[in-house]
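Dear colleague,

I am passing a structure on to you, and I would be grateful if you could look it over alongside the notes that follow.

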Amino acid sequence: MKTAVIQFPGSNCDADALHAARLTLDPDARFVWHSEAGLPDGTDLVFVPGGFSYGDHLRSGAVAARSPIMTAIKAHAERGGFVLGVCNGFQILTEAGLLPGALGRNRDLHFSCKPVHLRVENNQTAFTSAYRGGQTIEIPIAHGEGNYYADPETVARLEGEGRVVFRYLDNPNGSLNDIAGIVNERGNVLGMMPHPERAVEALLGGEDGRGVFQSLQGALVK
């Protein structure tokens with residue numbers, strides 16, 4: 001799966017994302033700088049990584065969502081291409097309108113960095129098919145603004161359409177309905193706060209994040 005990892009000023013999880021992509025999906029995965037106008041030819045997956053793009057100026061992800069590369073990412077998603085936004089990447093996707101809702105300050109107003117347990121709520125997506133429905137997995141978080149919220153109608157629609165794909169078992173940030181990850185209507189764009197790219201090697205603490213990448217590999221074959 002040809003993968004492009006987007007870099008913004010202030011990104012600090014881009015190297016992790018590239019390593020995970022090369023390990024699990026594409027040995028030739030490459031960085032794409034935010035000011036570039038287009039994606040590499042043949043890109044299958046755009047990985048929007050975590051970090052503090054533009055120092056979280058204005059709001060987390062607000063400035064990055066207006067970078068030149070976002071026009072190409074939106075067009076990629078509209079064509080059915082896969083987009084994975086993790087942590088700050090999730091924030092960027094909501095700010096860019098690729099996913100509904102927003103991410104606010106954690107409930108306790110503290111930065112939280114620790115492993116958390118998630119339940120796979122929907123394993124019938126391109127990002128979750130390698131998991132069992134209802135499976136509990138452990139993936140680390142590292143964020144200060146991971147509190148997902150949206151208006152009641154949007155939350156009801158996400159729940160009713162099965163678009164909440166990951167849910168916290170012990171909510172670390174106050175997210176509505178314990179939401180940890182959602183997909184768009186088409187199912188080709190995923191935003192999640194936990195970091196699957198930091199859970200792809202047993203040597204580094206666990207491999208529960210591999211399922212996201214294995215699912216994508218399977219989706220491409222289909």
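**Salt bridges**

The count comes to seven salt bridges, where a salt bridge is a side-chain nitrogen of Lys or Arg within 4 Å of a carboxyl oxygen of Asp or Glu. Please bear in mind that this is a predicted model, in which local features need pLDDT of at least 70 and side-chain atom pairs count only at pLDDT 80 or more, while totals for chains, interfaces and linings use all residues. Residues are numbered from 1 along each chain as its sequence is written, and side-chain values use heavy atoms, with hydrogens and water left out.

One of the salt bridges links Arg 30 and Glu 36, whose closest N and O atoms are 3.8 Å apart. Arg 30 is partly exposed at 36% relative accessibility, and Glu 36 is also partly exposed, with a relative accessible area of 29%; here buried means under 20% relative accessible area, exposed over 50%, and partly exposed in between, with a 1.4 Å probe and protein chains only.

Another salt bridge joins Arg 167 to Glu 159, at 2.9 Å from N to O. In this pair Arg 167 is buried, with a relative accessible area of 11%, whereas Glu 159 is partly exposed at 27%. Glu 161 and Arg 163 likewise form a salt bridge, their closest N and O atoms lying 2.9 Å apart; Glu 161 is partly exposed at 44%, while Arg 163 is buried at 5%. Through shared partners, salt bridges also connect Arg 119, Glu 121, Glu 159 and Arg 167 into one network.

**The sheet and a helix packed on it**

Nine strands make up an open sheet of mixed pairing, in the order 2-1-3-4-11-10-9-6-7. Strands (E, at least two residues) and helices (H or I, at least four) are DSSP runs numbered from the N terminus, and two strands pair if DSSP finds at least two bridges between them. At the edges are strand 2 (30–33) and strand 7 (136–143), each of which pairs on one side only.

Within the sheet, strand 4 (residues 82–86) and strand 11 (residues 189–192) run parallel and pair over four bridges, with Gly 85 having Gly 191 in strand 11 as its bridge partner. Helix 3 (residues 88–95) packs on the sheet, touching strand 3 (45–48), strand 4, strand 10 (179–183) and strand 11, where contact means heavy atoms within 4.5 Å.

Key
Axes are lines fitted to C-alpha atoms, for helices over the stretch in contact, and angles run from 0 to 180 degrees between N-to-C directions.
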